[in-house]
Amino acid sequence: MMIKSVSELVKEAMKQIKTISVKELKMLMETNKKAVIIDIRDIRELKKTGKVKLAKHVPRGMLEFWLDPSSPYFKKELAIDKPKILYCASNWRSALAVKTLQDMGFKNICHVEGGFKAIEDGGFQIEKIN
(Lines give C-alpha, C1' and ligand atoms only; values in the text may rest on other atoms or scores of the structure.)
Protein backbone atom coordinates (compact mmCIF):
# COMPACT_ATOMS: atom_id res chain seq x y z
CA MET A 1 0.00 0.00 0.00
CA MET A 2 1.31 3.42 -0.96
CA ILE A 3 0.60 6.45 1.18
CA LYS A 4 0.96 10.14 0.42
CA SER A 5 3.96 11.54 2.29
CA VAL A 6 3.80 14.54 4.59
CA SER A 7 6.10 16.44 2.23
CA GLU A 8 3.65 15.79 -0.62
CA LEU A 9 0.76 17.08 1.51
CA VAL A 10 2.73 20.20 2.40
CA LYS A 11 3.70 20.83 -1.25
CA GLU A 12 0.04 20.54 -2.29
CA ALA A 13 -1.08 22.84 0.53
CA MET A 14 1.57 25.44 -0.34
CA LYS A 15 0.10 25.74 -3.84
CA GLN A 16 -3.31 26.59 -2.40
CA ILE A 17 -2.55 28.88 0.54
CA LYS A 18 -1.05 32.30 1.15
CA THR A 19 2.46 32.48 2.58
CA ILE A 20 3.81 35.80 3.82
CA SER A 21 7.31 36.95 4.69
CA VAL A 22 8.33 38.31 8.09
CA LYS A 23 8.48 41.77 6.50
CA GLU A 24 4.87 41.38 5.33
CA LEU A 25 3.93 40.19 8.82
CA LYS A 26 5.37 43.37 10.34
CA MET A 27 3.43 45.54 7.88
CA LEU A 28 0.21 43.61 8.48
CA MET A 29 0.51 43.92 12.26
CA GLU A 30 1.12 47.66 11.95
CA THR A 31 -1.80 48.29 9.60
CA ASN A 32 -4.44 45.85 10.85
CA LYS A 33 -5.00 45.92 14.61
CA LYS A 34 -7.59 43.13 14.36
CA ALA A 35 -5.09 40.62 12.94
CA VAL A 36 -4.25 37.69 15.22
CA ILE A 37 -0.92 35.87 15.17
CA ILE A 38 -1.43 32.23 16.11
CA ASP A 39 1.36 29.94 17.32
CA ILE A 40 0.28 26.33 16.69
CA ARG A 41 3.37 24.66 18.14
CA ASP A 42 3.25 22.18 21.00
CA ILE A 43 3.47 23.65 24.51
CA ARG A 44 6.84 21.88 24.99
CA GLU A 45 8.23 23.88 22.06
CA LEU A 46 6.96 27.12 23.57
CA LYS A 47 8.54 26.31 26.92
CA LYS A 48 11.85 25.61 25.19
CA THR A 49 12.00 28.63 22.84
CA GLY A 50 9.32 31.07 23.98
CA LYS A 51 6.71 32.57 21.67
CA VAL A 52 6.11 35.79 19.79
CA LYS A 53 4.83 38.26 22.38
CA LEU A 54 1.69 39.23 20.45
CA ALA A 55 0.82 35.64 19.48
CA LYS A 56 -2.04 33.56 20.81
CA HIS A 57 -1.10 29.95 21.51
CA VAL A 58 -3.56 27.58 19.86
CA PRO A 59 -2.27 23.99 19.96
CA ARG A 60 -2.49 22.35 16.54
CA GLY A 61 -4.76 19.64 17.91
CA MET A 62 -7.34 22.21 19.05
CA LEU A 63 -7.12 24.70 16.17
CA GLU A 64 -10.29 23.75 14.29
CA PHE A 65 -12.27 23.41 17.53
CA TRP A 66 -11.20 26.78 18.97
CA LEU A 67 -11.97 28.60 15.69
CA ASP A 68 -15.34 26.97 14.95
CA PRO A 69 -18.22 29.03 16.42
CA SER A 70 -20.39 25.91 16.59
CA SER A 71 -17.82 24.06 18.73
CA PRO A 72 -18.16 23.98 22.52
CA TYR A 73 -14.43 24.88 22.56
CA PHE A 74 -14.82 28.06 20.46
CA LYS A 75 -12.68 31.02 21.61
CA LYS A 76 -14.36 34.40 20.97
CA GLU A 77 -11.02 36.21 20.76
CA LEU A 78 -10.35 34.17 17.58
CA ALA A 79 -13.52 35.40 15.84
CA ILE A 80 -14.07 34.43 12.21
CA ASP A 81 -13.79 38.00 10.86
CA LYS A 82 -10.29 38.60 12.27
CA PRO A 83 -7.37 38.04 9.89
CA LYS A 84 -5.25 35.15 11.15
CA ILE A 85 -1.54 34.55 10.63
CA LEU A 86 -0.33 31.12 11.69
CA TYR A 87 3.19 29.94 12.40
CA CYS A 88 4.91 26.80 13.64
CA ALA A 89 8.60 25.93 13.95
CA SER A 90 9.43 25.88 10.23
CA ASN A 91 6.17 26.21 8.26
CA TRP A 92 5.04 22.65 7.48
CA ARG A 93 2.41 22.33 10.21
CA SER A 94 1.19 25.87 9.65
CA ALA A 95 0.82 25.18 5.91
CA LEU A 96 -1.36 22.15 6.61
CA ALA A 97 -3.30 24.08 9.27
CA VAL A 98 -4.01 27.01 6.92
CA LYS A 99 -5.18 24.57 4.24
CA THR A 100 -7.56 22.92 6.72
CA LEU A 101 -8.96 26.27 7.86
CA GLN A 102 -9.46 27.28 4.22
CA ASP A 103 -11.35 24.03 3.71
CA MET A 104 -13.55 25.06 6.66
CA GLY A 105 -14.33 28.34 4.86
CA PHE A 106 -11.89 30.80 6.43
CA LYS A 107 -10.81 33.44 3.91
CA ASN A 108 -8.46 35.91 5.56
CA ILE A 109 -5.77 33.47 6.66
CA CYS A 110 -2.10 32.86 5.90
CA HIS A 111 1.12 31.58 7.43
CA VAL A 112 4.66 32.87 7.83
CA GLU A 113 7.50 31.65 5.65
CA GLY A 114 10.26 30.19 7.82
CA GLY A 115 8.12 29.91 10.94
CA PHE A 116 9.17 30.88 14.45
CA LYS A 117 12.90 31.15 13.76
CA ALA A 118 12.34 33.56 10.87
CA ILE A 119 10.00 35.66 13.01
CA GLU A 120 12.49 35.71 15.88
CA ASP A 121 15.34 36.61 13.50
CA GLY A 122 13.09 39.34 12.07
CA GLY A 123 13.19 41.21 15.36
CA PHE A 124 9.81 40.33 16.86
CA GLN A 125 9.73 40.38 20.66
CA ILE A 126 9.81 36.88 22.18
CA GLU A 127 8.41 36.07 25.60
CA LYS A 128 9.30 33.14 27.85
CA ILE A 129 6.68 30.54 28.69
CA ASN A 130 6.80 28.68 32.03
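# Helices, cysteines and loops in a predicted model

Reader: Is Cys110 buried or exposed?
Author: This is a predicted model, in which local features need pLDDT of at least 70 and side-chain atom pairs count only at pLDDT 80 or more, while totals for chains, interfaces and linings use all residues. Residues are numbered from 1 along each chain as its sequence is written, and side-chain values use heavy atoms, leaving out hydrogens and water. Buried stands for a relative accessible area under 20%, exposed for over 50% and partly exposed for values in between, with a 1.4 Å probe and protein chains only. The relative accessible area of Cys110 is 6%, so Cys110 is buried.

Reader: How many disulfides does the structure hold?
Author: A disulfide is a covalent bond between the sulfur atoms of two cysteines. Here the term is applied to a pair of cysteine sulfur atoms within 2.5 Å. The sulfur of Cys88 has its closest cysteine sulfur in Cys110, 13 Å away, and that is too far for a bond. The number of disulfides in the structure is 0.

Reader: What is the relative accessible area of Cys88?
Author: Cys88 falls in the buried class. Its relative accessible area is 1%.

Reader: At what angle do helix α1 and α5 pack?
Author: Two packed helices are described by the angle between their axes and the distance between the axes. Axes are lines fitted to C-alpha atoms, for helices over the stretch in contact, and the angles run from 0 to 180 degrees between N-to-C directions. The axes of α1 (residues 6-16) and α5 are 9 Å apart, and the angle is about 55°.

Reader: Which word describes how α1 lies to α5?
Author: Angles under 35 degrees count as roughly parallel, over 145 as roughly antiparallel, 65 to 115 as roughly perpendicular and the rest as oblique. The angle of α1 and α5 is about 55°. That makes the relation of α1 to α5 oblique.

Reader: Which residues in α5 meet α1?
Author: Contact is taken as heavy atoms within 4.5 Å. On the α1 side, the residues are Val6, Ser7, Leu9, Val10, Ala13, Met14 and Gln16. On the α5 side, they are Trp92, Ala95, Leu96, Lys99 and Gln102.

Reader: How many charged residues has the contact of α1 with α5?
Author: Asp, Glu, Lys and Arg count as charged; Ala, Val, Leu, Ile, Met, Phe, Trp, Tyr, Cys and Pro count as nonpolar, and the others, Gly among them, as polar. The contact of α1 with α5 has 8 nonpolar and 3 polar residues, and the number of charged ones is 1.

Reader: Which residues is Lys99 in contact with, leaving aside its neighbours within four places in sequence?
Author: Lys99 sits in helix α5, which spans residues 92-104. With a relative accessibility of 18%, Lys99 counts as buried. With those neighbours left aside, its contacts are Ala13, Gln16 and Ile17.

Reader: What is the phi of Asn91?
Author: Most residues other than glycine have a negative phi, and most peptide bonds are trans. Asn91 belongs to the loop between β5 (84-87) and α5, and Asn91 is buried at a relative accessible area of 12%. Its phi is positive, in a residue other than glycine, and near 155°.

Reader: How far apart in space are Gly105 and Ile80, C-alpha to C-alpha?
Author: Gly105 is placed in the loop between α5 and β6 (109-112). Its relative accessibility of 38% counts as partly exposed. In sequence, Gly105 and Ile80 are 25 residues apart; in space, C-alpha to C-alpha, the distance is 9.5 Å.

Reader: Which residues does Ala35 touch, not counting those up to four places away in sequence?
Author: Ala35 lies in the loop between α2 (22-31) and β2 (36-39). At 9% relative accessibility, Ala35 is classed as buried. Apart from residues up to four places away in sequence, Ala35 touches Leu28, Met29, Pro83 and Ile85.

Methods
Helices (H or I, at least four residues) and strands (E, at least two) are DSSP runs, numbered from the N terminus.
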